[in-house]
Amino acid sequence: MTLAIEVKQMHKRFGALQALCGVDLEIGTGEFFALLGPNGAGKTTLINIIAGLTLASSGSARVMGYDVVADYREARRMLGVVPQELVFDPFFTVRETLAIQSGYYGLKNNGSWIEEIIHHLDLTDKADANMRTLSGGMKRRVLVAQALVHKPPVIVLDEPTAGVDVELRQALWHFIKQLNRNGHTIVLTTHYLEEAEALCTRVAMLKQGNIVAFDSIKNLVNSISGCSVRLRLSPDTLPLPLQPLLSSHEDGYCILAIGEYSQLENVMAALRMADVQVLEMQVLQPDLEEVFVKIMGHTENPQPVSR
């Protein structure tokens, strides 16, 4: 089966900076995939190489089987990218912008699809408005529309919900999930890890140009043993026997790290013995954010993981 994206031994150097260090990556057709990492990890550099905006120092990348250098026309037709920056032409309306984008790909009679995109992204009321008059959130919607105008099978979303309101975020994800159900491959970069956990099935984590984790989100989350319990107590004093379990104490809440659920009874017994009342209690399961923090904190000198 043809891979949606295939990257082999990708290196990229900017002067003295090694931005990518031999990255290998395979993303299957129809996946909803997360590419995560701190600022400066190399995510946008990798996306720019795949999109043909930057040349790699060495290595190769393919989109739907097409080499991004040797078969650049076909590779770019296979890919739609929503950039992190708000880049737009201020002299055209929304509808004109999308029509011009269609022309870049040699598409004629694309009006019906353009109108469908405008409708799904809730841009109907702004379709004839000049781009420079739109709010930041509306401009973000137009960038998504531009990436979809040629119906690419692979869509890359680079921080698509950065700085947008909740309503737009929900509408955008509803539309993107529908595209994924229809067979489109979605690659997402985001600092909102709860979005990645809710939407994606697999994830690659980058640090200092290396992939330091590559697995399903389920496997990564399950790799963290134990859970935490969040307590608000009266009086707000943790009994001495429980203090070794304390992982944080802030805003009137104690967070205790416990190895297994059976320890909850020991926690409650210690609180009863100390005559401490539980006002609130919440059991916290491991999540992708906890995995991310753990992996990034434990990879001071990151080495590529095997895939």
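Helix axes here are lines fitted to C-alpha atoms over the stretch in contact, and angles run from 0 to 180 degrees between N-to-C directions. The model is predicted: local features need pLDDT of at least 70, side-chain atom pairs count only at pLDDT 80 or more, and totals for chains, interfaces and linings use all residues. Residues are numbered from 1 along each chain as its sequence is written, and side-chain values use heavy atoms, without hydrogens and water.

Select α3 (94-104) and α5 (136-148); helices are DSSP runs of H or I of at least four residues, and strands are runs of E of at least two, numbered from the N terminus. The axes of α3 and α5 lie 9 Å apart at an angle of about 25°. The two helices are therefore roughly parallel (angles under 35 degrees).

Next, show the side chains between them. Val94, Thr97, Leu98 and Gln101 of α3 meet Val142, Ala145 and Gln146 of α5 (contact: heavy atoms within 4.5 Å).

Now turn to the largest pocket, with a volume of about 860 Å³. A pocket is an open set of points on a 1 Å grid over the protein atoms alone where a 1.4 Å probe fits, with protein on both sides within 12 Å along at least five of seven lines; lining residues have an atom within 4 Å of a point. Volume is the space filled by probe spheres set on the points, which are joined across faces, edges and corners. Of its 30 lining residues, Leu53, Val81, Gln101, Tyr104 and Tyr105 lie nearest the centre. Both α3 and α5 supply at least two residues of this lining.

Last, select Asn39, Gly40, Ala41, Gly42 and Lys43, the closest to the centre of the second largest pocket among its 19 lining residues. About 240 Å³ of space lies there.

Definitions and conventions. Parallel < 35°, antiparallel > 145°, perpendicular 65-115°, else oblique.
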